[in-house]
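Here are a few notes to read alongside the model, written for someone meeting it for the first time. Please keep the viewer open as you go.

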Amino acid sequence: MYRAPFPAQLSVFDRRVIDNNATDVRVYQVWKGSNKFFLGGRVIFGPDVRSIFLTISLIVIPVLLFCAFVSRRIIYAFDKHLGKLIIFILILLTVYDLILLLLTSGRDPGIIPRNSHPPELEEDGSTMSTDWLGSQSSAGVPNLPPTKDVVVNGVIVKVKYCQTCMLYRPPRCSHCSICNNCVERFDHHCPWVGQCIGKRNYRFFFMFVSSTTILCLYVFVFSWVTIKKIMAEYDCNLWSAFLKSPVSGILILYTFMTAWFVGGLTVFHLYLICTNQTTYENFRYRYDSKRNPYNRGCVHNVCEVFLSKIPKSKSNFREMVKVDSSSLFGSTMSLARPMSPNIGKKSFDIETGKRQAVVAEDFEDIHSQIDSVGGLERCGTQPRHIIQCENSNWEISPDISVMSAEFAMEQGFKDREKVCKKGH
């Protein structure tokens with residue numbers, strides 16, 4: 001429930017004030033990851049969401065150039081209805097590709113919600129290293145092993161403990177340093193779509209890459225067809241045909257280079273799908289030299305990616321949660337505006353015990369003023385005034401304690417001054 005514990009110094013009345021002023025917010029408004037949310041938490045992107053505009057422009061601009069300068073020659077070169085069908089299929093491919101891009105980029109890739117506290121140590125036979133045990137004991141945090149052994153299809157797999165999310169990552173899960181989240185079946189963080197690729201969007205990512213490859217090849221082929229038609233119509237060479245339709249030449253060069261990139265990516269991920277690997281596992285673990293516990297055969301692996309049901313998101317980003325006003329607006333219980341760190345250093349802060357720090361600073365100032373008077377060594381007959389606040393059955397609020405301490409120190413300073421004057 002995203003609720004911080006009450007400070008020990010607060011009275012019952014102060015606790016009731018904080019509880020009554022708890023603010024209702026949605027989960028995405030207090031999300032600790034680096035994601036960007038839109039439409040009230042309905043759409044989630046990575047922190048580099050702006051890169052998606054570059055990707056869209058790299059897809060749309062060539063298609064617009066094709067429709068504006070090449071489509072007329074295509075319609076005249078073929079039968080009128082066939083030429084229009086070619087252009088219509090191109091537009092459908094482009095729209096389909098953009099939809100897949102948005103489905104990949106604007107959805108939860110499989111984020112595992114963080115724990116509010118470290119998990120309890122289970123008695124499952126997990127071993128802990130001596131260094132880890134010693135360091136954790138000295139740090140005063142629960143002794144948790146850095147890894148645990150989990151059996152997957154008869155193979156022992158080590159799962160790591162994530163210090164950021166305070167949980168043991170499930171098998172095939174990894175923490176994305178860009179999005180700052182643990183993602184199920186983490187494949188990689190794709191800068192072209194501005195999102196992590198994981199369990200819930202890997203299918204759409206592969207379909208996006210493969211459809212982009214088809215789109216590039218489609219434009220490449222019909223741009224070449226246009227050049228061939230020009231060469232046959234004007235009985236000219238290749239260079240002259242490029243001069244008559246320069247946009248076709250530009251599209252041929254652009255789609256040729258792009259098809260190598262996205263086509264190679266499509267082939268690589270097709271290999272990963274058939275062997276049931278992720279990009280992260282392929283580069284880090286190299287299953288070629290050992291058994292892959294997740295490989296169940298090519299057919300089952302393909303069905304797992306394309307025919308299995310996509311699991312629901314484990315995080316309801318629009319869910320309402322209660323957040324203490326003190327955690328939102330500062331520890332001084334000021335509900336009107338948040339307090340800056342510089343203001344907090346000078347104010348009486350009940351939560352962090354900064355009242356005692358202010359008293360200590362005042363006490364040092366008093367000492368410096370007393371030392372400047374001089375002759376204190378000759379005033380040894382007057383004992384120091386020591387203020388002690390012992391615990392009793394009476395409940396003394398922090399405000400009264402601070403005021404009494406300041407008054408006592410001021411009175412002690414005056415008494416010392418009188419004694420010093422008598423001594424002279």
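**Notes on a predicted model**

1. Let us begin with N301, which sits in helix α9, residues 298–306. Helices here are DSSP runs of H or I with at least four residues, strands are runs of E with at least two, and both are numbered from the N terminus. This is a predicted model, where local features need pLDDT of at least 70, side-chain atom pairs count only at pLDDT 80 or more, and totals for chains, interfaces and linings use all residues. Residues are numbered from 1 along each chain as its sequence is written, and side-chain values use heavy atoms, with hydrogens and water left out.

2. Is N301 buried or exposed? N301 counts as buried because its relative accessibility is 0%; buried means under 20% relative accessible area, exposed over 50%, and partly exposed in between, with a 1.4 Å probe and protein chains only.

3. What surrounds N301? Leaving aside residues up to four places away in sequence, N301 touches I273, C274, T275, N276, Y294, N295 and R296, where contact means heavy atoms within 4.5 Å. For R296, the backbone nitrogen lies 3.1 Å from a polar atom of the N301 side chain.

4. Next, please look at the sheet. Its three strands are ordered β5-β6-β7, forming an open sheet with antiparallel pairing; two strands pair if DSSP finds at least two bridges between them. β5 (147–152) and β7 (167–168) are at the edges with a single partner strand each, so one side of each has no neighbour in the sheet. Between β5 and β6 (residues 155–162) there are six bridges, and V151 is found opposite I156 in β6.

5. Now the cysteines. The whole structure has zero disulfides, a disulfide being a pair of cysteine sulfur atoms within 2.5 Å. For C162, the nearest cysteine sulfur is that of C182, 3.6 Å away. C173 also has its closest cysteine sulfur in C182, at 4.6 Å, which is too far for a bond. C162 is buried at 2% relative accessibility, and C173 is buried at 11%.

6. Finally, a helix pair. Helix α2 (residues 51–77) packs against helix α5 (residues 202–234) at an angle of about 35 degrees, and their axes are 10 Å apart. Axes are lines fitted to C-alpha atoms, for helices over the stretch in contact, with angles from 0 to 180 degrees between N-to-C directions. Residues that meet here include I59, V63 and F66 in α2, and L215, V219 and F222 in α5.

How values were computed. A polar contact is a pair of N or O atoms within 3.5 Å; within protein, one must be able to donate a hydrogen and the other to accept it, and residues adjacent in sequence count only if both atoms are side-chain atoms.
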